[in-house]
Amino acid sequence: MSLRTVTEFTDIAAEFRRRTGRIVWCTMATVAPDGRPWTRVVHPVWDGATGWLATTRHSLKAGHLAHEPRVSLTYWDAAHDVVTVHATASWADDPATRAEVWELIRDTDPPVGYDPALFWPGGPADPVFGLLRLAATRIDVTGLATAPAPKLSWRR
């Protein structure tokens with residue numbers, strides 16, 4: 001399988017949206033302060049090359065991200081379509097962003113979108129609601145289902 005590097009996110013955007021919108025859930029890897037890798041299944045909502053992850057602010061992953069904000073996410077399905085995202089995670093604490101992304105998550109069609117009030121009844125100001133911004137630094141779109149099409153790679 002050949003590698004085709006693209007310079008603009010728009011060159012990979014349609015296939016990225018198609019796959020992440022179909023697969024929905026992905027595995028996110030973080031690194032604990034003791035250097036051990038950890039993975040968990042997460043459900044980001046993407047706005048271009050920026051992912052948004054609604055989560056609890058005081059979780060194991062929060063401690064990992066305080067130590068090392070770089071994460072890796074992998075989407076995979078049974079047909080072996082794969083999307084790998086390398087990103088830098090940061091907390092979005094400002095009320096305007098929290099409200100805007102709350103609406104993005106709520107207004108995005110299922111199965112990607114959902115009502116975050118089911119988990120955080122206090123709305124975007126709920127103190128338990130945490131919002132992670134995932135700023136993609138590299139996205140690879142590959143897999144056996146798309147062979148012999150080239151592997152696509154985008155880097156910020």
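Valine 24 sits in the loop between α1 and β2; helices here are DSSP runs of H or I with at least four residues, strands are runs of E with at least two, and both are numbered from the N terminus. Its phi is positive, about 70 degrees, although valine 24 is not a glycine. Valine 24 is also buried, with a relative accessible area of 6%, where buried means under 20%, exposed over 50% and partly exposed in between, using a 1.4 Å probe and protein chains only.

A word on the source: this is a predicted model, in which local features need pLDDT of at least 70 and side-chain atom pairs count only at pLDDT 80 or more, while totals for chains, interfaces and linings use all residues. Residues are numbered from 1 along each chain as its sequence is written, and side-chain values use heavy atoms, with hydrogens and water left out.

Most residues other than glycine have a negative phi, and most peptide bonds are trans. Histidine 80 is another exception, with a positive phi near 70 degrees. You'll find histidine 80 in the loop between β6 and β7, and at 34% relative accessibility it counts as partly exposed. Then there is the peptide bond from proline 110 to proline 111, which is cis with omega near 10 degrees. Proline 111 belongs to the loop between α3 (95-107) and β8.

**The cores**

In soluble globular proteins, nonpolar side chains tend to be buried together. A nonpolar core is taken here as a set of buried Ala, Val, Leu, Ile, Met, Phe, Trp, Tyr and Cys residues joined through side-chain atoms within 4.5 Å. The largest such core has 27 residues, and Leu73, Val85 and Ile139 have the most contacts inside it. Two or more residues each come from α1 (10-23), β2 (26-31), β6 (70-76), β7 (81-91), β8 (129-143) and β9 (151-155). β8 gives the most, five residues.

Take valine 85: leaving out residues up to four places away in sequence, it touches Phe16, Trp46, Val71, Ser72, Leu73, Ala136, Arg138 and Ile139, contact being heavy atoms within 4.5 Å. A second, separate core has 13 residues, including Trp52, Ala54, Ala92 and Val112.

Threonine 84 lies in strand β7 and counts as buried at 17% relative accessibility. Beyond its neighbours within four places in sequence, threonine 84 is in contact with Ser72, Leu73, Thr74, Arg138, Ile139 and Asp140. Threonine 84 and arginine 138 are 54 residues apart along the chain, with their C-alpha atoms separated by 8.1 Å.

Helix α2 (residues 60-67) has Lys61, Ala62, His64 and Leu65 as its buried residues. They cover an arc of only 160 degrees around the axis, so they lie on the same side of α2; the arc is that of the directions from the helix axis to the C-beta atoms. What covers these buried residues includes β2, β3, β5, β6, β7 and β8.

Over in helix α3 there is valine 101, buried with a relative accessible area of 4%. Valine 101 is in contact with Trp52 and Leu131, leaving aside neighbours within four places in sequence. Valine 101 and arginine 70 are 31 residues apart in sequence and 21 Å apart in space, C-alpha to C-alpha.

**The pockets**

On a 1 Å grid over the protein atoms alone, a pocket is an open set of points where a 1.4 Å probe fits, with protein on both sides within 12 Å along at least five of seven lines; lining residues have an atom within 4 Å of a point. Grid points are joined across faces, edges and corners, and a volume is the space filled by probe spheres set on the points. In the class counts, Ala, Val, Leu, Ile, Met, Phe, Trp, Tyr, Cys and Pro are nonpolar, Asp, Glu, Lys and Arg are charged, and the others, Gly among them, are polar.

| Pocket | Volume | Lining by class |
|---|---|---|
| Largest pocket | about 200 Å³ | nine nonpolar, four polar and two charged residues |
| Second largest pocket | about 170 Å³ | eight nonpolar, two polar and one charged residues |

The largest pocket is lined by 15 residues, and Arg17, Thr20, Val45, Trp46 and Val112 are the closest to its centre. α1 gives the most to this lining, with four residues. The lining of the second largest pocket includes Trp25, His43, Lys61, Tyr114 and Trp120. Here β5 has the largest share, three residues.
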